Structures are given as structure tokens and as C-alpha cells.
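Have the model open as you read.

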Amino acid sequence: MNDSGRDGRDERGTQDARGGFEERMRELLAEDAYTIRPSPAPYPAIRRRGVLERRRRAAAAGAVVAVLAALPVGAYALGGDGRGGSDTAAPRPSATAPHGQASTGSPAAPSPSGPERPATPGQLLDGISFAQATRGLEQCLAFDADRIKSLPKNSPSRSTGGLGRASEYRIILAMRSTGDTNAPGDGIHVVAVKERPQQTRLICTIRDGQPGLNTSVGGTAGDAAHPVYPDINSGKLYQQSFLDKGNWKLPFRWGIVGTVQPSVARVTVSYGDSSAEAVLDHGWFVASGTLHQQVTKAPHVKGYDAAGKLVYDSDRDKEYEKTLP
């Protein structure tokens with residue numbers, strides 16, 4: 001056989017291999033990379049168990065981008081593991097609502113199949129009604145459902161069915177969200193949880209009417225079995241961007257959530273010039289306050305048993321990141 005025939009087959013084989021590789025890369029991007037407003041830079045608070053996984057994912061993402069640099073792909077974020085959580089957000093329109101207003105659309109009354117209410121009315125803050133909080137949760141779940149439908153039919157993520165329905169959740173916190181340099185525009189945060197089929201926590205953020213979503217799935221317990229376990233993604237509720245370090249917008253509404261064991265009867269949180277007595281809500285603690293000064297330390301969390309004995313102190317928790325980025 002002459003060389004020209006062999007060269008033709010070699011060239012076709014190379015083209016076929018390249019085409020198959022690019023098709024696989026496009027599928028990977030469809031699963032884990034979709035256009036979003038970049039979420040805040042990862043917090044140094046990521047625990048030891050999450051560091052290796054995130055580095056591995058970041059390396060894989062870099063390889064994908066290097067190979068497909070010529071493809072028309074926008075900004076994206078990789079989902080984290082169960083404890084680390086993942087962030088998604090809907091593309092934002094070019095026109096934005098005035099800052100300082102939480103744009104959530106017309107408040108809709110919760111349907112009979114809506115989420116459960118929080119344990120106390122005080123968990124709905126800043127004039128946010130339960131109907132508004134429900135509407136925000138439904139927006140985020142609808143956004144997640146649309147994302148799942150957009151994945152390839154053979155995608156493993158598609159078979160999970162997404163994050164579920166609003167009726168499966170209980171809202172434990174709603175509060176205003178302050179925009180910063182990395183994520184401009186004020187809005188609202190809605191925190192919702194469910195226990196079945198596996199423990200799931202959502203931080204749903206609505207800005208300019210557009211949903212953004214941070215999720216932790218599969219439990220929040222850390223390496224050590226602490227009676228109190230602050231959610232490692234709560235930083236989204238009590239931090240502004242590290243780009244604004246020392247120049248946060250004040251006053252700043254902050255919040256923090258986490259899990260508690262049945263033996264815990266009381267949780268307190270101090271943060272900067274503010275402090276709060278947490279609400280215990282079906283195995284979760286929920287605390288919030290208003291900050292009037294710049295801070296460098298993360299919220300200080302303490303837990304007590306029924307006898308008043310200190311059973312948890314975040315200062316002694318090796319997994320808890322005690323300083324802000």
C-alpha cells in the first residue's frame with residue numbers, strides 16, 4: 001500500500017479521535033460548567049477534607065479549559081463535595097434593579113404543598129414574609145431543575161432528579177443580602193433544609209430577581225463528632241468579598257447556621273460588636289445579628305447542655321476557620 005493511502009487513514013483517524021475528545025469535553029462542560037455570575041472566591045475556611053478534592057477538581061477544570069480554549073464557553077464553577085457544597089447562579093440580565101432593594105418579584109402566597117415554616121417568626125428577618133421566602137426557594141429549585149434538564153440524557157447527575165420540591169424543605173432563615181465588589185446588588189438570602197432522602201442544606205440568594213444557589217448534600221458533620229457543627233458554607237451569610245477586606249458595607253446583616261446534637265440546649269454566637277442567642281430548630285441552630293464595625297475574626301460559637309455546661313467552643317474546634325480571608 002502506498003504512503004498516500006496510509007497518510008489519509010492516519011489523518012482521518014486523528015480527526016476522529018480529536019472529534020471524540022472534544023465531544024467528551026463538551027459533555028463535561030455541560031454537566032459541571034454553565035454560564036454564571038462568578039461566585040465569591042473560595043474561602044480559606046474550606047476544611048481539610050475538602051482541600052484535596054477541590055484541588056483535584058480545579059486541576060481538571062484547568063485541563064478542560066486549556067484543551068477547549070477556542071470553544072465559546074462562558075464562566076463556570078465546579079460543584080464541590082457534600083460537605084464543601086457547590087454554587088450555581090442564573091445568568092444576570094444586563095439591566096439591574098436599584099441597589100438596596102430586594103427584587104424577588106411579586107410576593108406569592110405559599111402553596112399547600114410549600115415548605116414548612118421556621119420554628120420561630122424571628123427567623124424571618126428584615127421584613128421578609130414567609131410568602132417571599134417561599135417564592136425565593138421555589139425560584140432556586142426551579143433554576144436547579146432547569147439545569148438538570150439541560151444536561152445530556154446519559155449524565156449521572158440527571159438521574160439524581162435534582163434538589164427536589166419546595167414541599168420537602170423547611171425554611172430556617174430569611175434575611176437581606178448585602179452586595180459587594182465580587183457580587184454587586186443587594187437582595188435576600190433564604191436558607192432551607194431537608195433530612196430525606198439525605199440531609200440537604202440550601203442557601204438561596206435572589207439578586208435583581210435572579211436566583212443563585214449554594215448547596216451542601218449528604219450531611220454537615222465534620223471529621224470530629226462535635227455536638228455543635230457550624231455549616232462550613234455559612235461564610236456566605238456572614239462575609240463580604242475578600243476584595244472589600246477592611247471596607248465592608250455597614251451596617252451588615254449577618255447569619256450563621258449549623259447542626260446540633262440533641263444534648264445541646266443552648267447556642268450563642270458573638271461576631272464583632274454584635275451577639276445573638278441562636279434558635280434551635282429541628283436539629284439546626286440559627287443565629288443572626290447586625291454588624292456595625294469592620295471585622296477580621298469569624299463568628300465565635302459556643303454550645304451548652306441542659307445543665308449549662310460548655311460542650312462546644314469554636315475556638316477549640318480545629319476544623320473551624322477562626323479568621324476571615
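This is a predicted model: local features need pLDDT of at least 70, side-chain atom pairs count only at pLDDT 80 or more; totals for chains, interfaces and linings use all residues.

Start with the peptide bonds. As a rule, most peptide bonds are trans. Here, though, Arg-196 and Pro-197 are joined by a cis peptide bond, with omega at about 0 degrees. To find the spot, look at the loop that runs between strand S3 (187-194) and strand S4 (200-207), where Pro-197 sits. Another cis bond links Leu-250 to Pro-251, this time with omega at about -5 degrees. Pro-251 is in the loop between helix H4 (235-238) and strand S7 (252-260).

Now for phi. Most residues other than glycine have a negative phi. Asp-126 has a positive one, near 60 degrees. You'll see Asp-126 in the loop between strand S1 (86-89) and helix H3 (130-150). With a relative accessible area of 31%, Asp-126 counts as partly exposed, because that value lies between the 20% and 50% cut-offs.

His-282 isn't a glycine either, yet its phi is positive, at about 50 degrees. Look for His-282 in the loop between strand S10 (279-281) and strand S11 (284-291). Is His-282 buried or exposed? Its relative accessible area is 57%, which is over 50%, so His-282 is exposed.

Finish inside a strand: Thr-268 belongs to S8 (residues 264-271). Thr-268 has a relative accessible area of 16%, under the 20% cut-off, and is therefore buried. What does Thr-268 touch, leaving aside neighbours within four places in sequence? Its contacts are Ala-276, Glu-277, His-300, Val-301, Lys-302 and Tyr-304.

Technical notes
Residues are numbered from 1 along each chain as its sequence is written. Side-chain values use heavy atoms; hydrogens and water are left out. Helices (H or I, at least four residues) and strands (E, at least two) are DSSP runs, numbered from the N terminus. Buried means under 20% relative accessible area, exposed over 50%, partly exposed in between (1.4 Å probe, protein chains only). Contact means heavy atoms within 4.5 Å.
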